[in-house]
Amino acid sequence: MYKTIESNMIFGPFEETDIFEIEKSNVNQMIGQHIRTVEFIMRREGKQQEEQILFIEAKSSTPRQQTSKIRYDEFITEISEKFIQSFEIYHALKYNRYRTDVTMGEHLMKQEWDKVHIKFVLIIHGHKMEWLPPLREALMKNMNIYLKIWKSTIVVLNDEMAKSYKLISETI
Amino acid sequence: MALKKIDIKNVTVFENINMEFSDGINIFIGENGMGKTHIMKLLYAACKAAKADVSFPQKVVRVFRPDGSNIRRLVSRKRAGETASVKIYSDDANIGMKFTTKTNKWAAQVTNEATWEKQLADLSCTFIPAKEILSNSWNLEAAVGSNNVEFDDTYVDIVMAAKIDISAGRDTHDRKRYLEILQGITAGKVTVEQERFYLKPGTQAKIEFNLVAEGIRKIALLWQLIKNGTLENGAILFWDEPEANINPKHIPTIVDMLLELQRNGVQIFVSTHDYFLAKYFEVKKKDTDKVRYCSLYDNKGAVEYEQSANFRELQNNEIMETFLALYESEIDKVM
């Protein structure tokens, strides 16, 4: 079973076959510097038994728009790039663009893309729920065209919400 | 002269409530039926009772309009056998009244009326009701007086307040600034001709209020109250649901205006259901501004309240609960 600790949150346990640890994989080393990736990618079943692919990024804090708009905008750009580049890398691997022993869970490799629901998930440890909607709106605005093309969506959660969706088991 | 406190016992939804106010802006939030408007109307009636020819209980009857003009209809239905009482305090005076289910018309027992009138003789107070009325103001006072239509006094009074001009000559620097800001939204000035209200945009022909969007009419009303001197230092403003029919993009301007009025000595009472309005006060207030949130909520059948200088610190916050419930629904739909 797969478990990992990110930003003081324990993710999992998940089946290894449902996981790709993109950040720790050798793909980053192959592609080079300045690549931005999420923590990991996972496959799971949604409430209506639909197939979901989640691109999971964890943070322990975020800049506040009122305090520093520049830093906030940089943050939105950073997270957006992590989501998009992770998505691109995932597809590059699926279509064998790299000859490599990358360990991606077999369920992730085998996904039928006409049926899967794509979600870019940002989980922020300790955030009050009222701080989440503006972040989600900002990310959705920034990635608008991309989300439309791929019929995907963004989810922003705090640790409590992530627990309720069984993405994390506990916080440290 | 500010309103400091209200004690209510056994009146409408209130069993026993004792509430203190800020000299600045008091923002009431709470679900429908928690008594936000009732508190404001009681305070308003007390302010009006500072005039020698206005009786406190009679004004209460006129702003609540119970059947038969009987104040006894305001006794709490849950404790009908007990005496109802209201007491309102200013800096150094108070006015109170008591009544029961046997009290006829507005024959409540009043205390300290003379002192109240003396202390607050110069008080200017205004109540802006939730529904805009200036567009239907022609002959309203006479129609109400003849019992041809039923509007409570908050509607009749605001029409009168908008018509009068009690300003001391030329516009002050502050007043000019406020008016310019509001004219940025209304794109015109308010004029009153033959008891009817119009908006005059620049050099264009005047537009009758009926043809102006309701949200713009409300902002035009604020313009008029500032222009005619009603909202000056020492005045008290009551505004029931300012957000109704207003484009959300104008909410920050309204909040700025109210904060400015507060800085210039106007005590303000606002009731709201609107997240933007409630939140913008928190965002835009300075450390020196006096803003107090008051959340009225149901606790096992009794209306209680909590207060805080910060919107986010309220434990019982129906606006925030609704906002977060929407977000939870949004996320649940995709997860």
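In the predicted model, the side chains of B:Lys279 and B:Glu282 meet in a salt bridge with an N to O distance of 2.8 Å, a salt bridge being a side-chain nitrogen of Lys or Arg within 4 Å of a carboxyl oxygen of Asp or Glu. Because they are three residues apart in helix α9 of chain B, B:Lys279 and B:Glu282 are separated by about one helical turn; helices (H or I, at least four residues) and strands (E, at least two) are DSSP runs, numbered from the N terminus. Both B:Lys279 and B:Glu282 are buried, where buried means under 20% relative accessible area, exposed over 50%, and partly exposed in between (1.4 Å probe, protein chains only).

B:Lys279 also forms a salt bridge with A:Glu130, the closest N and O atoms being 3.7 Å apart. A:Glu130 lies in the loop between β6 (117–124) and α4 (132–142) of chain A, whereas B:Lys279 belongs to helix α9 (residues 275–284) of chain B, so this pair joins two chains. A:Glu130, like B:Lys279, is buried. A salt bridge at 2.7 Å, N to O, is made by the side chains of A:Arg136 and B:Glu330; since A:Arg136 lies in helix α4 of chain A and B:Glu330 in helix α10 (residues 318–334) of chain B, this pair joins two chains. A:Arg136 counts as buried at 3% relative accessibility, while B:Glu330 is partly exposed, with a relative accessible area of 31%. Within chain B, a network of salt bridges links B:Asp174, B:Arg177, B:Glu260, B:Arg263 and B:Asp289, and the search of the whole structure finds 33 salt bridges over all chains.

The mean pLDDT of chain B, pLDDT being the predictor's confidence in each residue from 0 to 100, is 91, and 99% of the residues of this chain reach 70 or more. For the complex, the predictor gives an ipTM of 0.82 and a pTM of 0.84.

Residues are numbered from 1 along each chain as its sequence is written, and chains are lettered from A and ligands numbered from 1 in the order in which they are written. As this is a predicted model, local features need pLDDT of at least 70 and side-chain atom pairs count only at pLDDT 80 or more, while totals for chains, interfaces and linings use all residues; side-chain values use heavy atoms, with hydrogens and water left out.
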